[in-house]
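Let's take a walk through this model together, starting with a pair of helices and then moving on to a sheet.

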Amino acid sequence: MQQKPILLTILDILSIIAIGIATYFALFLAPTELVMGEVQRVFYFHVGTGWVALLGFIIASIAGILYLITKNMTWDRFGLAAVEVSAMFFLITIVLGSIWARPAWNTWWTWDVRLTTAAITELIFIAYFMLRAGIEDPEKRARFGAIYTILGGLSAPITFMVIRLFRSIHPVVVGNPSAEAQGGFDMTVDMRNTLFIALIAFTILFVDFIWHRVRLGGLQEKVEQLKLKTLGE
Amino acid sequence: MANKKTINTVTADHRPPSAVVGQPSFIKATLAIIHKDLAAEFRSRELLTAMLTFSVLVILIFNFALDLNIDVRQKVTAGVLWTTFAFAGTLGLNRSMAVEKDRGCMDGLLLAPVDRSAIFFGKAISNLAFMLIVEAIVLPLYAFFYNETRIFKLEFIAVLLLGSIGYISVGTILSAMSVQTRTRELLLPILLFPIVVPVLIASVLASGAIINDMSLPQIMTPLNLLIVYDIIFIAVSFMFFDFIVEE
Amino acid sequence: MIQVTKLTKRFGLKTILRGLDFQVQPGEFVALLGPNGAGKTTFLRILSSLSRPTLGKVIVAGHALPNESSQVRAKLGVVSHLPLLYPELTAEENLQFYARMYGITNYQSRITEVLQLIGLENRRKDLVRTFSRGMSQRLAIGRAILHQPQVILFDEPYTGLDQDASEMLDEVLKEIASHGRTVVMTSHDLIRAEALATRFDVLSRGVITASINKNDLKNNLMDFYKQALAN
């Protein structure tokens, strides 16, 4: 039986601590935003989860390319892990965004660039899961999954650019705030620090999740192998 | 070896080979597939009839769902047409690939000594031809129903062509994928639409801007994205087709 | 003509072929026998370049697979249990299409020859949709031999055929095999296999477990087959 690596256990503990610190900073240390008040605190986790969701999406496409080149099933497990974790974080990002948007924009949902692209990306993920579910042969499943993540990875940036042609109301917080954006705010140093702590915390958590999922995939395969050995022969 | 049977009946196969066998050129193989697809379709007309009837039904439904009076039409003509073509297109893509899969014809294509990409281009161009035929019939019908002649602008038709190319290139490889899954036809729109969203939005924006006589940047910005998408996805589909049909 | 060494094919975790060795000399007609799920179809798909070997060496008609698959395909005819024909095209149009895909020049006369051989000359203008199972199967064979392949692979050609159709197919197969062509055929039908083939190989659990020439066959094929499976 494969032992859980010590490094992974350390990473587990580290993730819990990091998320704890980030929560503490977001809820207690960061100053209350003047216009929006307490609800603005959701922003730190919103950006944190959004960042790792995007990271997962990119990693999935890269894993897809690497799978097609090497035909090594580890990359398939990696890609699947990235998509699953990314899908979860995208969902959290959207929900957190809605909580913020309700007081800020006076609506739960708006067809803004980022929101719409995030929603379409979620649909790409759902399609990816359905595609995988429809294929028996693991090799073919890996191959088609890899191709689909690459296609998704190529089309999502174009989707983003096309939707941007419609007017966006999503605030651009870091960098140039757009004139049309509503609910934008200037960040103080404390806010900025809190945001970066949240980003780091979620990145650690993300790596931890991916690692667990890849390992789980490996164990699943081992179980299948043992099943075939005992039942088949 | 031990296979010297004597058969008295002299048949045609005893004659020296009457035909020269070689590997057909890329273009010849592509043309053969297109010719085959069009010949079969013009005989049965199954695919085109289904796509056309469906298109007319969708436009009919839009008429009542959106109450397409003059004011509304000004804004939504491009959207209605593109939605119609996108949905009708999946019917054609599914059918065109199912024909290859059902009787093992895809194996027949793969067994021929031709480049895999010739098979992709053959299928993609046939699919594009079906799509364009449907568009060529639906556009005048739409103009007739709604007295909407602005859609006959050359620029509008150019955008339609560019959009169809992007849609079909992705649609062809995704249909080659979905036909090999358990859920088959059911899966194609779910796989296709999230990937092809940029084509639909860019086409709607560009063609909407054209028929409403908007400024050149409002036409060119989405159009440029559409062209970028077309180039990327033709290249990628071409590269990936091999991976999709191999075993 | 066909040389296979230590061929292994895995689908994910399932191993279908396990280090299979197989040789066929030019002009041999090999019947590949074996129970369902032994890997016969998978093996033929690898020989026909439709499926890639996981491990091992496969040489067909002097070319290695999968690297030189294009050269192999030009010299190979395949008949599977699916007809590989387009129902909305006529017999002639189907053959024309495949002739173009194989780069055959002046294919019209060759098509006439093939249609005569398979006895479908009077149906050349009819849609394949209207054909019976036996006629489709004969046309499928016509399609496979159109480009005068050196090697022909048959996967269960008798599946779904009635008595008459099977007998007609016998004639066509005998005719094809009698011109020095190399044939590999999988079949469940031991009686038909015995009548046609010059060699019998038994494929079981992913390897060839027994092989015998027709001349060396002491009793009937059934006994040999049962014994091969029992071992």
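This is a predicted model: local features need pLDDT of at least 70, side-chain atom pairs count only at pLDDT 80 or more; totals for chains, interfaces and linings use all residues.

Residues are numbered from 1 along each chain as its sequence is written, while chains are lettered from A and ligands numbered from 1 in the order in which they are written.

Begin in chain B, where helix H2 (residues 46-66) packs with helix H3 (residues 70-102) at an angle of about 150 degrees, their axes 9 Å apart. Helices (H or I, at least four residues) and strands (E, at least two) are DSSP runs, numbered from the N terminus; axes are lines fitted to C-alpha atoms, for helices over the stretch in contact, and angles run from 0 to 180 degrees between N-to-C directions. The angle therefore makes H2(B) roughly antiparallel to H3(B) (over 145 degrees). Among the residues that meet are Phe54(B) and Val58(B) from H2(B), and Val80(B) and Phe87(B) from H3(B); contact requires C-beta atoms, placed from the backbone, to lie within 7 Å.

Now turn to chain C, with its open sheet of six strands in the order E6-E7-E8-E3-E9-E10 and mixed pairing (two strands pair if DSSP finds at least two bridges between them). Strands E6 (76-79) and E10 (207-213) of chain C each have a single partner strand, so one side of each lacks a neighbour in the sheet. Inspect E7 (residues 151-155) and E8 (residues 182-186) of chain C: they run parallel, joined by five bridges. Phe154(C) has Met185(C) in E8(C) as its bridge partner.

Terms used:
Angles under 35 degrees count as roughly parallel, over 145 as roughly antiparallel, 65 to 115 as roughly perpendicular and the rest as oblique. Two residues are in contact if their C-beta atoms, placed from the backbone, lie within 7 Å.
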